[in-house]
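Please keep the sequence and the structure in view while reading.

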Amino acid sequence: QWDPNNVSGRHTAVHLFEWKWPDIAAECERFLGPYGFGAVQISPASEHRVAWGRPWWERYQPVSYQLQTRSGNEAEFRDMVKRCNNAGVRTYVDAVINHMAAGSGSGTAGSSYNGEDFPGIYSAHDFNDGNCNSGSGNIENYQDVSQVRNCKLVGLPDLNLGSEYVRGKIAGYMNKLIDAGVAGFRVDACKHMWPGDLDAIFGRLHDLPTSDFAANTRPFIVQEVIDVGGGEPITSGQYQHLGRVTEFKYSKFIGEVFRKWNNQKLSYFSNWGEGWGMLPSGSSLVFVDNHDNQRGHGAGGASIITFRDAKLYKMANALMLAHPYGYPRLMSSFYFDSHATDQGPPNSNGNTNGVTINNDGTCGGGWMCEHRWRQIKNMAQFRNVCHGQSLQNWWSNGNNQIAFSRGNKGFIVINNDDWNMNEWLQTGMPAGSYCDVISGEKHGSHCSGTTITVGGDGRAHFHISNHADDGVIAIHQDSKL
Ligand SMILES: O=C(NCCCOc1c(-c2ccc(O)c(O)c2)oc2cc(O)cc(O)c2c1=O)[C@@H]1CCCN1C(=O)/C=C/c1ccc(O)c(O)c1
């Protein structure tokens, strides 16, 4: 359940946050498949609350396990999964199983609910009220492990995952998705669930269907555990035996270093990965930002680099995709005003808008499509070409200029100093001319961007102005002329 279940040769996931199912299906066929992406993480697929103002987080308040949401209906969901699989792109569903919607009303499929009454699904005895020791019934103290698991997260009715009935409903929902062809799950709010209960539920999940996967393939699991080392008793390491875990320290550290907080330097990344106290690489899901921490109040706070800091964002994502540590997930956002952190996706009176693709391949209509930025898209291919190659030829100027190769398959150079970089470096690559995949790409026999010439001794000259658009140069075996 640590294996992403990707089609071979594909090693990066993309979170198409709040996209509608038909748009995701189209993106798999026109972009994610052709450009070698491995998987798409989609927004929660179960019926959810329709909250006032339609905030993005209404999707994280389930009303039922029907596949009818603001992203589309069950037919569109099944069509998306099939078309993405056919394009070589796996689907991970964001599973919200810790809690249900707050308040009362009806959900996106018209199901009514009131308090802890979800007709036909759950009623009061399926929730944890009796197991919560806080005065208010809500989580009041994150130092109290049982409160964090058994009390309400921001007032959301907390399901009792110790109940066989509840486990059956959740496993039934997840198995329906597995049987439809999804490759795994991003499990929301795992900090708020007992690992033993998660283990019991994951154990009830079917193998993936042999129509699209090898026999005996287990669903891929990414557990969301927000842990930036702040001293909470619940830590990400307590979940790693069940599957991969989101490594929020990755976003925090990479943001602090690229922003040079506390005088931290890129040269400190010589032991990036477990050396920085992060999870074992094979248990780690890494990202520069995600839907929660890009809104500032999430884990890592103000250090997080987002689409708003375009140059730093391209540099940080290039590093993530070039470095062997962890399984990377790219964030693909919609625009929101930095103070309006509740704002939902681009919509027409509540109905999410489609994604418009401009002639130059960028997106319009408020969709940021960071995964389509040339520098990021091309580094996903870099990662594919270099898969399995160890980090070698590390170099730094002791400050914010670094470089390293992945075996003899790829080489990256980054300049985050406030002055020019001019260096002859050992690339470890075969002699020849290579197209820099950051400033452009290889088109037949010429480079649309910079060309780098590697000599017979493996050395090449690199010049990166501190005023350059991207601050990065990257070459690899498939960008060789
Ligand atoms: O101010 C808010 N929430 C309180 C601070 C964030 O706390 C939340 C955390 C949270 C935050 C930090 C932690 O260390 C932690 O263990 C949990 O996880 C959630 C998970 C959900 O499925 C649904 C939620 O409403 C939340 C949530 O409110 C606003 C208004 C309600 C939703 N919301 C939000 O800000 C919604 C945030 C949200 C939603 C979905 C997520 O997957 C997520 O990570 C955060």
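How many aromatic pairs does the count come to? The count comes to 29 aromatic pairs, where rings of Phe, Tyr and Trp (its six-membered ring) pair if their centres lie within 6.5 Å, with planes under 30 degrees apart taken as stacked, over 60 as edge-to-face and the rest as tilted. One of them is the stacked pair of Phe17 and Phe334, at 5.6 Å centre to centre and 10° between the planes. Phe17 lies in the loop between strand 1 (13-16) and helix 1 (21-32), and Phe334 in the loop between strand 10 (327-332) and strand 11 (347-348), 317 residues apart. Helices (H or I, at least four residues) and strands (E, at least two) are DSSP runs, numbered from the N terminus.

The model is predicted: local features need pLDDT of at least 70, side-chain atom pairs count only at pLDDT 80 or more, and totals for chains, interfaces and linings use all residues. Residues are numbered from 1 along each chain as its sequence is written, and side-chain values use heavy atoms, without hydrogens and water.

Phe17 is buried, with 1% relative accessibility, and Phe334 is buried at 0%; buried means under 20% relative accessible area, exposed over 50% and partly exposed in between (1.4 Å probe, protein chains only). Tyr65 and Tyr122 form an edge-to-face pair, because their ring centres are 6.0 Å apart and their planes stand at 85°. Both tyrosines, Tyr65 and Tyr122, are buried.

Ring pairs also join Phe17, Trp19, Trp56, Tyr60, Phe307, Phe334, Tyr335, Phe336 and Trp367 into a cluster.
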